[in-house]
Amino acid sequence: MAIHSFLYFLATILFHSLQAKLISGYNSNSSTPEAYGFVDPLIGTRNGGHVFAGATLPFGMAKAVADSTSDSQGGYASNGSPVSGFSHMHDSGTGGASSLGNFPIFVYPGCAGDEVNGCMFPKVNRSVLVVNDSVSARPGYFTLELESGIKAEITATNHTALYTFTFHGNATGNATVDAPLSPLFIVDLSDLPNTRSSGSAAVDATTGRMTGNGTFAPSFGIGDYTLHFCVDFPQSSIIRDSGVFINTRAGSDPKTITVGTDSNSPPLPAGTFVRFNEVEVGTTVTVRVGLSFKSVNQACATAETEIPEFSFSDTLATAEDVWKDKLSVLSIDAAGFENSDMQTIFWSGVYRAMLSPQDYTGENPLWESDEPYYDSYYCIWDSFRSIHPFLTLVDPYSQTLMIRSLIDIYRHEGWLPDCRMSLCKGWTQGGSNADVVLVDAYLKNITQDIDWDTGYEALIKDAESEPPVWDYEGRGGLNSWKKYGYIPADDFDPYGNGLFTRSISRTVEYAYNDFCIAQMAEALGKQDDYEKYVERAGNWINLYNPDQPSDINGTDTGFTGFLQPKYLNGTWGYQNPIFCSPLLSFDQCYLNPSGHETYEGSSWLYTLFAPHDMASLINTLGGPDSFVSRLDYLHESGLLYVGDEQAFLNIYQYHYAGRPGKSAERIHYYIPSQFNTTTAGIPGNDDSGAMGSFVALSMMGIFPNPGQDVYFITPPFFRSVSVTNRMTGKTATITNINFDAAYENIYIQNATLDGEVYTRNYLTHSFFLNGGTLELTLGDKESPTWGTGDSDVPPSMSTRGA
């Protein structure tokens, strides 16, 4: 490692280990303890939410939790399934295959017959049930009890997990093991999806330190990654024996083991163990696990720096303080909601939006750089819509680091990522949507130490150059995009290869990507580029077939005109407009060769995706009244699934038709019908916090149109909400007059901004940079005047300057 990178790494881990001490004089928000207490990390851990419920810091690399044996993408699932181990890195809210969960620790209170081989080593045999009602979590902390007589408690720093295991007996299920309480700890060279291709581990017989590494595959991308671990116990004086295991057997010799790729699927269980002398009931054993993508030495050094004294209480207190500080930039007047589920829904959403992307700064072995490195952009197709705009509002410093990281990935990999995890390139789902993230940040004054020249270069490369394989970077079909103004369903593309699907959804996403680039080009004074990309941004309409009807089970919906596939020769193809909606073949539009022409949504949904030119879209669909009727039908017919992120914008598109009250109606339907405080309290996957940031922004009354300087105004779900920008020191407050906790008065009648009449139904980011007060007067009926005029609706590309 170069000297400058090593110093940067040391500075990073010292910063995280001392951060809580530094904030003690920085946090003056008296509501913070209450906010922290309302966070429930278990929301979304059942029915496919896949939320990570364990211990971590904001954007932390270490994410430690118990791993369930089913539906375990986030590690722990609240579904009653057994626990197979405790692992130290996870993603949150992802769909598809599980990811990470490397090097799980499994703990036995003792082995049958007091023999090491009286314990079982494979995951499928060793798993143990959770004691009912024993699971509890809060930011920075997770605990549960196992039927084997063990209570586990977990906390974490940025790169290190800390566990305590307290032994209350020696049981498996309801049967007491005929053996003394002689705890056995194993470290398994595996991961949650069982992708290990090689690995090695060693145990120090004197200290009990277990170290090693493994090479694994990402869950939603190409390539592989190598991770290293370092496990330590402060109680080395009571070590009884140690060794290695493979398959179903263990032995005290040798003290090292190496495994490679063979014919076993899943890979053979293998790893190291440490067994302690007999202990008394109630004994607690502490375990520290350091992690590094670079080396075992770095994993050990990081752990020793971040948690030098093995103090669980001190480490937990630090984690709690860091989380309280993060939450303190937001303040709500919760009068009438002191013990309300609404506070739990809101603060838990805020919390989940700060889990990813993950800060791997100092841990990137792929290239040398002094820039920050963030990972688990999983995926930007999800996160551009709400996560990154939310972070721009509440944590602009972290968002700045993420933008620098994205640009540095381009600098060294050649392309901006659309998805990235575990140092690997992830699959692209639609357009080049990192373009949207960069432009959104640029428009909102995220500028500190950002090389925007290189950032703009990256945007232009996405728009102009096709990569050899566009499944995991850039865009495909660019020759046709430039020549025809759409992606043909039968595209001829000899310039690159990838999945020749999603012609409709890629067309409209490419159009929006190009609009975002046009905005930045204009801001930089690049007039030729601006004109080029504005013209391409109009391509969304080229797949609109005005004669295409739609029916549901043979009953005409009453609406005509939908996006349809089009061939190279300009003739129309056909995809049922309701196909890939909850009403027809919902699961048929994923990333596979037969994935059809829209991605995770129907033509009904994608026909409404022109976020940059809603005025033109509304006119195309018959004018404001017809557009509102179509939106109503989308929401009320069962066609829309709010568990997919594309649906977020549909809730607020009424603003463009001069009907902001309808947007308020819709969001008050979805919250709490689809977002609540149960373990199944989110619709679908949380997608790295996309659902969390959506619910937080919506309850604040300021959902954005990402990639534009637009926030739709709806009444906050509380009497008032305030956001403090720590880069400017200014506070913006939105206050409801005539607010009622029953949510009967959800319609804005009039508004003032800093005492002046304000009729626009949207805000710009300057309000949050400069601070101020927006006062909303509410009523129980939709206002016929506020936010309804042509000059009151958000801007559109086709009406600029009109």
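A polar contact is taken here as a pair of N or O atoms within 3.5 Å; within protein, one must be able to donate a hydrogen and the other to accept it, and residues adjacent in sequence count only if both atoms are side-chain atoms.

I note that the model is predicted, with local features needing pLDDT of at least 70, side-chain atom pairs counting only at pLDDT 80 or more, and totals for chains, interfaces and linings using all residues. Residues are numbered from 1 along each chain as its sequence is written, and side-chain values use heavy atoms, without hydrogens and water.

**Entry: helix H6**

I looked up the start of H6 and found a side-chain oxygen of Ser 340 within 2.9 Å of the backbone nitrogen of Met 342. Helices (H or I, at least four residues) and strands (E, at least two) are DSSP runs, numbered from the N terminus. I then checked burial (under 20% relative accessible area, 1.4 Å probe, protein chains only). In H6, 11 of the 12 residues are buried, so this helix is largely enclosed by the rest of the structure. Among the buried residues are Phe 346, Trp 347 and Arg 352.

**Entry: Asp 188**

I located Asp 188 in strand E10 (residues 184–188). Asp 188 counts as buried because its relative accessibility is 1%. Its side chain makes a polar contact of 2.9 Å with that of Arg 126. I also listed contacts (heavy atoms within 4.5 Å). Leaving out residues up to four places away in sequence, Asp 188 touches Phe 103, Pro 104, Lys 123, Arg 126, Phe 245, Pro 269 and Ala 270.

Technical notes. Buried < 20%, exposed > 50% of the residue type's maximum accessible area, 1.4 Å probe, protein only.
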